[in-house]
Amino acid sequence: MKTRWEQFFGAEIVVFDGGMGTLLQSMGLKGGQRPETWNIAHPERILEVHESYLKAGARVVTANTFGAAESHLGDKAQECMAAGVKIAKEAAQKYGAKAAIDMGSLGRLPEPYGDLPFEEAVRQFREAFVAGINAGGDLILIETMTDLLETRACVIAAKEALDICGKDLPILCSLTFDEYGRLLSGADIPATAAMLEGLGVTGMGLNCGHEPKALLDDITDLLECTCLPVFMQPNASLPIVRDGVTTFPTTPAEFAEDMWNISQMGLHGVGGCCGTTPEHIRLVADAVRGMKPKERPYPVDALTGKTYSPCRISGRSGCLNLDKKPFIIGERLNPTGKKRMKQALLEKDTDYMLREAIAQVDAGADVLDVNVGLPDIDEKAMLKVISTAVQTVCDCPLQLDTGDGAALEAAIRCYAGKPIINSVCGKQAVMDTVFPIAARYGGVIVCLCLDESGIPDTVEGRLDIGRKIITEAAKYGIPKNELIFDALTMTVATDPEAANVTLGTISALTKDLGVKTMLGVSNVSFGLPQRSLLNSAFVAMAVREGLTAAILNPLDNLILTMFKSAVALSGKDNSFADYLSAYGNAPALSLNSNTAPAASIVPGAAAQAADDNADQLYLAIKRGVSGDAAAQVKARLAAGDEPLSIIDNSLMPALSHVGDSYEKGKTFLPQLLQSANAAQAAFEVIRAALPPTAPDPARLIVLATVKGDVHDIGKNIVKVLMQNYGFTVIDLGKDVAPEAVLNAVQEHGAAMVGLSALMTTTVGAMKDTIALIHEKAPGVKVLVGGAVLNPEYAASIQADGYGKDAMEAVRICQSWADAR
Amino acid sequence: MKAMREACYRDAARFLGAKSAEDRAALMPILLKAEPIVLSAAREKHILTEAPVAVQGDQFTLDGLQPISSPDLCRLFQGSHRAVAVAITLGAEMDSAIRRYLLKDPGLGAAVGALASAYVDDLLDQLMAQENARLMEQGFILSPRFSPGYGDVPLSWQKPFTAFLHTEKIGVRLTEQCLMIPEKSITALAAVRPSGMEEEQ
């Protein structure tokens, strides 16, 4: 079966053109001038460059439209794009060649790392592509991309533009990795390739950065991890700039020799980037003329007829090959059966969920399940918010867990990488919803062995559903290698045969259907005591039957240990690498607790610990030892102490002591925060023991970093302290518009607002926010803080208070709350 | 893995509020705990280039960019015709690590943030010292460095300056308000002066 690339370009290696910018500079383009403006001002010079490459042997010319997007050219963007594509097309047609619509970075990073909303990035790219397609471009070439999420936005926009224009052009995507083999945002080559394959690009490549030889390792990696056609357009070396003159030392002959050598590895396309000239391309074209790409052996899916790569999922920078060895999916970001998680979701307490995410990864989770399904929640909005937030602190891939197609699509669109989609089942309506989303955005799909008739009692019944799902997925071009089957775990409390049926299903799915499998392990023990014992035995048995992935609680040491041990014994943990890494230097194993006591950072802590007569909770908070603080509260509650007396007699005095000490310069910010963190751990235990209560409006504060400012560390520190001094904090994050602050104040009935700004350029937004709050919500106090402020300036912008540091912010808010 | 220089601990402790050697000593345990986190997350990248400059009245021009009115820059570049322009970053993973530690261990997170700030500053100092040593062999000396946002140079000058440096090649981009992402990044320029002139001044 011919690939899309072969259908479009033919069987031989395709020669792309070389650098445009350096040639335009030699024709008079000034520093700081956008090259794309020459499509209108000097079309003859652009045509001349294209023709020089076509005469040299290029069969694809790249339109001079790299920056023809609104962020660079404002309202001239589409005009420059259309003009650039028309010039390239005019040149290409004379030589029977193709004209590529070229697109590079917008220059601003998409959220959450930057300040450009993801959908705004998609819109700008899409409008540019529509103009290019309508001007007659033959293919789309996305190039020199260095950020995973921006690349995703660009590919999605390209697909949407083609839909709008009713065209089916190839989409090629080329990236620039750094000397660590990573995009500048952290993703490595396999993680990036997994995402691009999922998005359905026609081919992928490397360009810019270095000379061909320096990209050898990267191109080898790329060829090994994707079955898609690969192309390469390197620089003629790194640019050397002295006194404003840029030079590229690699000669055309050296460049061509190296490109010929590398093309032998299996490249489908060759060309050049910065510093390459028509002479470089002429010699490359001569070298590869008549050559066909070396065949790379990849398996072919029987039903779709397509070759497929090793099955990988990826996150912001981490990547996992699912064909290698069994892996763990952390189950804790799911409100089912978790009171505290439900509360966090309803209160939009993102930080609580992020701490749960970090704890699971630290404990050994390879993937995190994210499920926000609650009756009173906007799942479409929340799944996107939480999965995006988790990606800012965890590198690993995520499993987007929802039964709501709209929520899945909202979250997967802006997911950095290629996720697991949980889930589809044998019900036709569910398959009709989920498979189109998976086919469009990419993702490994969890398939539940149930259908309209429920869960079959037998192994054969579950296998039949598995076959139906495989056949249906193939209709969308999804090979069975991209599916992972949940054999479904039922409790043995009601059916003693349930575990055997599940284990038999895993075995049959693995051996008979040749698919990957997973289990939500803990269901097996529902309704029985000491569930960890049953869960851990069950997971070990499932690994023996061929299990690929276990959804479990990685903070449960017993089940984690049994899983890793079972994988090691199954022979799938190469050289016991994971087992030794986890347990090689471990002290005698405790199966009951996974929390190692944190080291104290206060000098002389050991001596203080010896004081048996002291209040141990008070000391734990003073010393900033979270594990001890939580343990002390548990012990005191078990001994019958009232929760409120623990707060009044130990927690608050300890926090007060640390706060005073900080204000007197005797302790410092890290110690203050360590103590706050220990107090938070103690509060969490107390909170679980108390019935839920509505927050006290007098102690409710909305915190935000103002519009235009992305520095939120100071605001986050204030938040930690506020929470530990009994305030309920509505944290709106960073870059928050005045209207959003007002909305939150009115929605929650907050008595106070805390605003932070780091830069002089953003205090204007602070002033606007204060004015709006004072106008629309009179009586609400506004506290400000940040590096650029002082009391005088705070007063001049009508702030009600100024906190020189986090502790002072707390003191001021306490005085306001007490006065109400 | 590289070790950090003493200056990093001194500056990080200062950022965290230390005023004396005793204060610094109290913070050393947590800064030592933060060091491997910073070193492991940091992926240092920089761009350094020399470029011609022109000073006319209070107008300063860097290599064909639009002139900027800045008596401060004009003073810095008095008698100089060349600038060393530089951008340095610790990369995106550093921002992510700080955020991660502020969530799981806020005290350590604050220490990681402070140490990362001190580290990127120190790396830039080392880079400028190397450049200075190279220039001294040619009879020149580098002035202290100056960044957009200092003195009378508005932060908005980051836009043309980062475009001139092509900071996107090292992963540094600006927000709409001209703040740099990743956050632990610095841009700067310094005047290349004849050695003798430095002595006269």
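Two strands pair if DSSP finds at least two bridges between them. Strands (E, at least two residues) and helices (H or I, at least four) are DSSP runs, numbered from the N terminus.

This is a predicted model, in which local features need pLDDT of at least 70, side-chain atom pairs count only at pLDDT 80 or more, and totals for chains, interfaces and linings use all residues. Residues are numbered from 1 along each chain as its sequence is written, while chains are lettered from A and ligands numbered from 1 in the order in which they are written.

**View 1. An open sheet of 5 strands in chain A.** The strand order is β22-β21-β23-β24-β25 of chain A, with parallel pairing. β22 (728–731) and β25 (801–802) of chain A each have a single partner strand, so they stand at the edges with one side lacking a neighbour in the sheet. β24 (781–785) and β25 of chain A pair over 2 bridges, in the parallel sense. A:Val784 has A:Tyr802, in β25(A), as its bridge partner.

**View 2. Helices across the sheet strands.** Axes here are lines fitted to C-alpha atoms, for helices over the stretch in contact, and angles run from 0 to 180 degrees between N-to-C directions. Helix α29 (738–748) of chain A lies across β21 (700–705), β22 and β23 (752–756) of chain A. It runs at about 165° to β21(A). Helix α32 (806–819) of chain A lies across β21, β23, β24 and β25 of chain A. Its angle to β24(A) is about 170°.

**View 3. The side of chain B that touches chain A.** Residues are in contact if their C-beta atoms, placed from the backbone, lie within 7 Å. By this rule, 48 residues of chain B contact 50 residues of chain A. Elements giving two or more residues to this side of chain B are α2 (21–41), β1 (45–56), α4 (92–104), α5 (106–137) and α6 (158–165) of chain B. α4(B) gives the most, with 9 residues.

**View 4. Helix α14(A) against α4(B).** The axes of α14 (350–363) of chain A and α4(B) come within 9 Å and cross at roughly 105°. That makes α14(A) roughly perpendicular to α4(B) (a class for angles of 65 to 115 degrees). α14(A) makes the contact through A:Asp351, A:Leu354, A:Arg355 and A:Ile358. α4(B) contributes B:Arg100, B:Leu103 and B:Lys104.

**View 5. Domains of chain A.** Chain A is divided into domain 1 (4–288), domain 2 (312–583), domain 3 (605–689) and domain 4 (697–819). These bounds come from an automatic or database domain assignment. The centres of domain 1 and domain 3 of chain A, taken over C-alpha atoms, are separated by 58 Å.

Conventions: Two residues are in contact if their C-beta atoms, placed from the backbone, lie within 7 Å. Angles under 35 degrees count as roughly parallel, over 145 as roughly antiparallel, 65 to 115 as roughly perpendicular and the rest as oblique.
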